[in-house]
Amino acid sequence: MTEPDRRAFVTGAALAAGAVVAAPAAAQGSGGAKAATTPAAAAYPKPPFPVQRQPWPGLASKMNPRPDHGETSYKGSGKLAGKRALITGGDSGIGRAAAIAYAREGADVAINYLPAEEPDAREVIALIRAEGRKAVAIPGDLRDERFCRKLVAQAAEQLGGLDILVNNAARQQTRPTIADISSQDFDDTMKTNVYAPFWLTKAALERMGAGAVIVNTSSEQAGDPSKDIVDYAMTRAAVLNFTKGMAKQLAPRGIRVNAVAPGPFWTPLQVSGGATPEKQRVFGESSPMGRPGQPAEIAALYVAAADPALSYSTGQIFGSTGGNGQPA
Ligand code: NAD
Ligand code: MG
């Protein structure tokens with residue numbers, strides 16, 4: 001931590017002492033001039049959480065407590081100035097935190113999400129625009145190959161090119177046993193979590209040149225799967241493997257491929273079928289930190305994974321697990 005960072009952190013800690021952590025919906029620019037409002041990590045919510053259930057895919061704006069995506073805290077420093085990024089699942093959770101951070105680092109950002117997530121997406125679009133960056137909203141279902149191709153084409157056309165693809169959207173639905181996972185479930189999980197990154201990567205590479213970066217989202221589940229999300233966990237392992245193979249394939253083209261591997265994070269995925277009510281109530285308890293991460297706490301890794309300054313980093317897995325170890 002640099003001295004200015006440390007000062008900002010301490011200021012944030014003082015401001016947040018005893019405060020309930022919840023990200024305000026309203027857009028607030030970073031600018032660098034405002035006082036830091038980053039809460040001390042210790043002030044982030046711990047289990048037990050109120051039991052809540054939303055229909056899939058869920059909305060961050062309806063969660064209690066509301067996740068902190070860095071709306072009021074993330075400060076950029078031009079790391080991604082002039083880059084053009086497409087982020088899937090950019091409406092909420094980890095993808096939203098990445099979208100806010102990318103915009104504050106100087107990137108123009110297109111987000112994809114499901115039509116049902118329009119209210120969350122609107123908040124993100126407003127936050128990106130508040131930074132004076134271009135924001136493009138492209139709703140649609142990633143289980144469809146034709147849509148995936150269209151998404152990349154539209155994002156590149158509207159942004160004027162494509163430098164960064166963040167494959168972040170995913171489906172996670174808890175099922176007690178393999179007998180409870182229907183072929184339709186399995187197909188939906190594989191299509192969203194494995195096929196879509198494959199289709200999007202393929203389409204993006206038709207437009208990407210040297211210096212471009214692909215950032216995938218894996219999980220600690222890739223190396224330590226839970227017993228009741230086996231189809232989902234398989235996909236996080238597949239993405240990790242895909243990251244490493246594509247990094248080798250694309251190094252000669254000057255295109256890097258990295259992944260971020262989160263541990264438990266407080267996002268709509270978990271309250272819209274990703275976890276049972278029992279698990280959700282104590283979510284994050286088994287992490288050494290005794291709490292889930294907030295999306296704001298991982299955004300900087302998405303920036304790092306795409307940062308041109310880290311030009312020797314490809315095929316890397318950047319972790320944020322609260323202490324439970326890396327999948328690779
Ligand atoms: P989230 O619900 O906020 O984001 C997931 C997004 O996926 C949704 O917002 C939705 O827009 C998108 N999505 C799902 N199905 C789609 C479809 N068919 N078409 C288009 N978009 C679709 O939850 P999150 O936890 O931020 O998830 C983001 C990533 O983080 C996922 O890859 C997930 O596997 C990973 N992850 C999450 C956790 C966690 O504990 N929350 C842990 C490890 C990894
Ligand atoms: Mg969402």
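A crossing of two helices is called right-handed if the near helix is turned clockwise from the far one by less than a right angle, and left-handed if anticlockwise. Helices here are DSSP runs of H or I with at least four residues, strands are E runs of at least two, and both are numbered from the N terminus.

The model before you is predicted: local features need pLDDT of at least 70, side-chain atom pairs count only at pLDDT 80 or more, and totals for chains, interfaces and linings use all residues. Residues are numbered from 1 along each chain as its sequence is written, while chains are lettered from A and ligands numbered from 1 in the order in which they are written.

Let me begin with helices H2 and H9. The crossing of H2 with H9, residues 299-306, is right-handed. On the H2 side, the contact (C-beta atoms, placed from the backbone, within 7 Å) involves Ala97, Ala98, Ile100, Ala101 and Tyr102, and on the H9 side Ala299, Ala300, Tyr302 and Val303.

I turn to a second pair. H4 likewise passes H5 in a right-handed crossing. Here Glu145, Cys148, Arg149 and Val152 of H4 meet Ala196, Trp199, Leu200, Ala203 and Ala204 of H5.

Finally, the ligand. Around ligand 1 there are 29 residues, the closest being Gly89, Gly93, Ala170, Thr267 and Leu269; a residue counts if its C-beta atom, placed from the backbone, lies within 6 Å. Helix H2 (93-104), strand E2 (108-113) and helix H7 (268-274) are the elements that each give two or more residues to this shell.

Notes:
Two residues are in contact if their C-beta atoms, placed from the backbone, lie within 7 Å.
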